[in-house]
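Here is a friendly note to read beside the model. Please keep the picture open and look up each place as we reach it.

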Amino acid sequence: MANEEDDPVVQEIDVYLAKSLAEKLYLFQYPVRPASMTYDDIPHLSAKIKPKQQKVELEMAIDTLNPNYCRSKGEQIALNVDGACADETSTYSSKLMDKQTFCSSQTTSNTSRYAAALYRQGELHLTPLHGILQLRPSFSYLDKADAKHREREAANEAGDSSQDEAEDDVKQITVRFSRPESEQARQRRVQSYEFLQKKHAEEPWVHLHYYGLRDSRSEHERQYLLCPGSSGVENTELVKSPSEYLMMLMPPSQEEEKDKPVAPSNVLSMAQLRTLPLADQIKILMKNVKVMPFANLMSLLGPSIDSVAVLRGIQKVAMLVQGNWVVKSDILYPKDSSSPHSGVPAEVLCRGRDFVMWKFTQSRWVVRKEVATVTKLCAEDVKDFLEHMAVVRINKGWEFILPYDGEFIKKHPDVVQRQHMLWTGIQAKLEKVYNLVKETMPKKLDAQSGPAGLVSGDQRIQVAKTKAQQNHALLERELQQRKEQLRAPAVPPGVRIKEEPVSEEGEEDDEHEAEEEEPMDTSPSSLHSKLANGLPPGRAAGTDSFNGHPPQGCSSTPVARELRAFVEATFQRQFVLTLSELKRLFNLHLASLPPGHTLFSGISDRMLQDTVLAAGCKQILVPFPPQTAASPDEQKVFALWESGDMSDQHRQVLLEIFSKNYRVRRNMIQSRLTQECGEDLSKQEVDKVLKDCCVSYGGMWYLKGTVQS
């Protein structure tokens, strides 16, 4: 009651439902434009529509006299599209890009709950929308420019080889008679993407006439948005109960329920997903994710779901591979479907994908050529199989995407035994179909009973002893290095350390402002002068924990070792990372870990940065422009200083260049590398170091993660 008194009713407005344009009214959403400009001010050169597809195409003029218009660029685009000779078929007759085409796409399949409102004289008139279309720029002129370029190249090649072809005017022609098309082949052809595109292209365009906002025809049509007879005439149709009135205002979507399947295969929100039966939820999740640990599946379904029911449901749609669940092949390739690449029927695809899944029950690694040789499928189909459940490693093959889940194996031995029996049957079927040599086939499946490579108990003991000796030697070396660092001077000469005080979270904004006010040193110095190396002396010498976590030198704790291993592995793959990107990769790494892992104890940003510096990386003080939109985490750039390969020196020179420049041209990098390395580098060596550390945008080179498009 108190809230109602604080929020009194100011005005009551009558609402009317106009139906004159109910089946004809569309809402067009245009791209972002300046606030001072309306689309009525832009001349509409032409408009056309395909009614069946509800596809609209508009052609609007471009103001070439605007001071922001780049005339040279417009002339270059027109030259690339139409060539030097302009005729009636030219896209740009003025030899200047003076118009732009917009094509529509449907934003939603159900518009029954949307309406256009018109407020006039204290009354609100609503008209239901028949469709909502988004108009986006079309770049079909680029396709035409590419076609022109290919025609010119073909003409040049034909001119060069005209003399050779003159001697071979007479050619033998082979005539072949096509066999009658079978019903199965016809269904595959009708379902193919090329057939659907051709069918859509055959629908003719219907040209429309555009009327401006102030045109008399527009004023006349706008009157249909008002409900007729709304002034004082009693409308008995709306004398309904509140529930009946709401039902009329928002009727149930019957067409949508008919069109959509019971268990849609596309991605749903979690709210929509949890309204479905448990079996459909599991099927949809597995069909979209394809590979998932059981713990992750339980977390997605919610804490109130019974794990026994989930186990019963998951075995109907997935198979157990290395302790993780992989969706069954017949779920991805249902009956009567075919491959989008080769047209192979679903039965053959399921058999080939089952072979890939079975190979992963035997080993962590699978070679793509071996799969293609055995299954006799095209490279695109085999690649799709592998991408569902593995990641490619250079010079190694394809590795299973998730780590071995030993916890699930120990907790559910009955499920493991049942899956083992299923895989035994699949193995026998694969042996018969692919004529596999039984001597090369393992006698029993060991993938479900332990990680690949560990067979006997004696071998496991030997491997454990070897790992213990290696870990002991590694800890000894790290302890020795730690002692040497404590005896060494806190700040090496010639190195500028960027200190960040360890304080409460509320002081982070002041710290960031202090960094922005710090002047950028542009004086010539050694290679290391612009790289913030090492750690602040106050923390380097201390052994107390901070923020509840041990300092970075304490590498003996399980959390520090796991974090150090993640950081080293990440920077070996990506040499340059911003703090923002590193945190994103770390969150993805956490998502792939099993519940209860040590890294879930909580890793602060400070601990992550200190681990990066302790792992041999350095912070690059990139001079970001004053108007940059990069966040503080995006402005902290870290790079691997030494990786042990031949490109370390080239990479260090490149990082020193970007410590003085936010963006650099390639010729400057080339000359600086030649000057510092004392030799002429090959194009391949320069390309490698640029690929490792930089990205190109607009003809300039930036460090990875620093470009703001």
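How are helix 16 and helix 17 oriented relative to each other: roughly parallel, roughly antiparallel, roughly perpendicular or oblique? Point 2 has the reply, after a few words on the model.

1. **Ground rules.** This is a predicted model, in which local features need pLDDT of at least 70 and side-chain atom pairs count only at pLDDT 80 or more, while totals for chains, interfaces and linings use all residues. Residues are numbered from 1 along each chain as its sequence is written, and side-chain values use heavy atoms, with hydrogens and water left out.

2. **Two helices.** Helix 16 and helix 17 are oblique to each other, because angles under 35 degrees count as roughly parallel, over 145 as roughly antiparallel, 65 to 115 as roughly perpendicular and the rest as oblique. Helix 16 covers residues 368–375, helix 17 covers residues 379–389, and they pack at about 120° with their axes 10 Å apart. Axes here are lines fitted to C-alpha atoms over the stretch in contact, and angles run from 0 to 180 degrees between N-to-C directions. On the helix 16 side, R368, V371, A372 and T375 make the contact; helix 17 brings A379, V382, K383 and L386. Contact means heavy atoms within 4.5 Å.

3. **The whole chain.** There are 29 helices and 21 strands, taken as DSSP runs numbered from the N terminus (helices H or I, at least four residues; strands E, at least two). Of the 709 residues, 33% are buried, meaning under 20% relative accessible area, with exposed over 50% and partly exposed in between (1.4 Å probe, protein chains only). Among contacts with a separation of 6 or more, 66% join residues 24 or more positions apart.

4. Three strands in the order 1-7-6 form an open sheet with mixed pairing. Its edges are strand 1 (14–17) and strand 6 (115–120), each of which pairs on one side only. From one strand to the next, the twist averages 25°. Strand 1 and strand 7 (residues 123–128) run parallel and are joined by four bridges; two strands pair if DSSP finds at least two bridges between them. One place to look is V15, whose bridge partner in strand 7 is L124.

5. **A hairpin.** Strand 11 (residues 318–321) pairs with strand 12 in the antiparallel sense over four bridges, and L320 has W325 as its bridge partner. Two residues lie between these strands in the hairpin, and Q322 in the turn has a positive phi of about 55°. Strand 12 (residues 324–327) sends N324 and V326 one way and W325 and V327 the other, and all are buried. Strand 10 (residues 291–292) also pairs antiparallel with strand 12, over two bridges, with V291 opposite V326.

6. **V317.** Beyond its neighbours within four places in sequence, V317 is in contact with I282, K283, M286, V326, V327, K328 and I331. V317 and K283 are 34 residues apart in sequence, yet 6.2 Å apart in space, C-alpha to C-alpha.

7. Strand 18 runs antiparallel to strand 19 (residues 637–640), joined by four bridges, and I620 is partnered by V637.
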